[in-house]
Amino acid sequence: MKIIEPHIHMIARTTQDYERMARMHCVACCEPAFWAGYDRQSAEAFYDYFYHISEYEPTRAAQYLIQHYCWVCINPKEADDLKLSEEVVSFLPEFLDKKTCLGVGEIGLNKNTKNELKTFEMQVDLAVQRDELIWIHTPHLADKRKGTTMLLDCLKGRGDVNPERVCFDHTEEHTIRDILDAGYWASMTIYPMTKNSPPRVVDNIERYGVERLMVDASGDWGPSDPGTLHDAVFEMRRRGHSDDVVETVFYNNPCYFLGQNKKFKPEPTKAKDEAWGVCV
Ligand SMILES: [Zn+2]
C-alpha cells in the first residue's frame, strides 16, 4: 500500500529522511511554506525559500521516487508585520504558477492577533481570485479552539470560499467537529513527544469516520519524525482496521483533496463515495 505525506517541511530534514519515507512506501509529500526556525530578516529571504521548496526539493525527493509538492504563503508566525506580509504576498503569484505548487498555505494564526488575521484574509483574497486550494495552520501556542473559531468565522463571513477546497491542519479532538460540520477538510499532525500521538489520531478516526480526514507527521525544526505517519498506519492495523480503510485515510483522501489541483499526479485507487461508504 502506498501512502502520501500531506504536510512535511523537508527543508528541515536530511536526505536520509527521504530514504526512510521511500522505505515506508511514501510516494508523494507536500511542503507548505512555514517558519524557518528564526524570523527572516527580509522579504527576499522568503523569495529564496520559495525558490528552494519549488525548485530544489522536488529534485532531491525524486532520487527516492517521491513526488514533492509545495504550497506558498507568509506563515502565521511571521504574519504580524503587515508591511512585510504585503511584500511577500506581492510575489506569491510567481510561485503559485510553478508546476509543483498546489496552493496558498499554510496560512492561519499563531498568537490569534488582529494583524495575523488581516494577513490571513489578504492571502485568502489571493487564493479566491486565483481559485487556489488553501492549507490552514491552526495555532499551537495560543488557544487552538479560539483560533480555529476565529478562522472559521472569518471564512464564513466572506461567503466566497468553497469549504471543499480548504484543509485545516494540526486539528485535535476539540476542533475537528466544527471544521468537518462546516464542510472543510481536517488533517491531524502527529508529534513524537507532545500533542497528537498515533493512538490519539486513530481514536479520532474511530470517533469521526474517514470522510474529509487526513493524517500527517510533524517533520519540521522541532522534535519530529516522518516515521510517526507509519506508526499511525501500524496502530490502525493493530486495532483491526481493514487495509481498505487504512488506504482511504493515508492515500486516497490526500488524492481526493490535493487532486482538486490538476498539478497533483497520484490517482486514488477508488471513487470517493465507495471509499467513504465503509464504516470504521
Ligand atoms: Zn507546518
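**Note on the predicted model**

1. His-170 sits in the loop that links β6 (166-169) to α7 (173-181). His-170 has a positive phi of about 60°, although the residue is not a glycine. His-170 counts as buried because it has 25 C-beta neighbours inside 10 Å. Buried denotes 20 or more other C-beta atoms within 10 Å of the residue's own, exposed 12 or fewer, and partly exposed the range in between, with C-beta atoms placed from the backbone.

2. The structure is a predicted model, in which local features need pLDDT of at least 70, side-chain atom pairs count only at pLDDT 80 or more, and totals for chains, interfaces and linings use all residues. Residues are numbered from 1 along each chain as its sequence is written.

3. Concerning the overall fold, the protein contains 11 helices and 8 strands. Its radius of gyration is 17 Å, close to the 19 Å that the globule rule gives for 280 residues, so the protein is as compact as a globular protein of that length. The radius is taken over C-alpha atoms, and the rule is 2.2 Å times the number of residues to the power 0.38. The C-alpha trace spans about 50 × 40 × 35 Å along the principal axes. Of the 280 residues, 46% count as buried. Among contacts with a separation of 6 or more, 73% join residues 24 or more positions apart; a contact requires the C-beta atoms of two residues, placed from the backbone, to lie within 7 Å.

4. Which residues form the contact between α5 and α6? Leu-117, Phe-120 and Glu-121 of α5 meet Met-150, Leu-151 and Cys-154 of α6. Helix α5 (residues 114-130) and helix α6 (residues 144-158) pack at an angle of about 40°, and their axes are 11 Å apart. The axes are lines fitted to C-alpha atoms, for helices over the stretch in contact, and angles run from 0 to 180 degrees between N-to-C directions. The angle therefore makes α5 oblique to α6. By convention, angles under 35 degrees are roughly parallel, those over 145 roughly antiparallel, those from 65 to 115 roughly perpendicular, and the rest oblique.

5. The crossing of α5 with α6 is right-handed. In a right-handed crossing the near helix is turned clockwise from the far one by less than a right angle, and in a left-handed crossing anticlockwise. The residues of this contact comprise 5 nonpolar, no polar and 1 charged. Here Ala, Val, Leu, Ile, Met, Phe, Trp, Tyr, Cys and Pro count as nonpolar, Asp, Glu, Lys and Arg as charged, and the others, Gly among them, as polar.

6. Helix α6 also packs with α7: their axes come within 9 Å and cross at roughly 15°. That angle makes α6 roughly parallel to α7, and the crossing is right-handed. Lys-144, Arg-145, Thr-148 and Leu-152 of α6 make the contact with His-174, Thr-175, Asp-178 and Ile-179 of α7. By class, this contact holds 2 nonpolar, 3 polar and 3 charged residues.

7. Gly-105 and Glu-106 are joined by a cis peptide bond, with omega about -5°, and Glu-106 belongs to strand β4 (residues 101-108). Asn-112 lies in the loop between β4 and α5. Its phi is near 60°, a positive value in a residue other than glycine. Is Asn-112 buried or exposed? Asn-112 counts as buried, since 20 C-beta neighbours lie inside 10 Å.

8. Asp-243 is placed in helix α10 (residues 243-258). With 11 C-beta neighbours inside 10 Å, Asp-243 counts as exposed. Asp-243 and Met-1 are 242 residues apart in sequence, yet their C-alpha atoms are 8.2 Å apart in space. Glu-94 lies in helix α4 (residues 92-96) and is partly exposed, with 14 other C-beta atoms within 10 Å.

9. Pro-199 belongs to helix α8 (residues 198-208). Pro-199 is partly exposed, having 14 other C-beta atoms within 10 Å. From Pro-199 to Glu-235 the C-alpha distance is 6.6 Å, and the two are 36 residues apart in sequence.

Notes
Helices (H or I, at least four residues) and strands (E, at least two) are DSSP runs, numbered from the N terminus.
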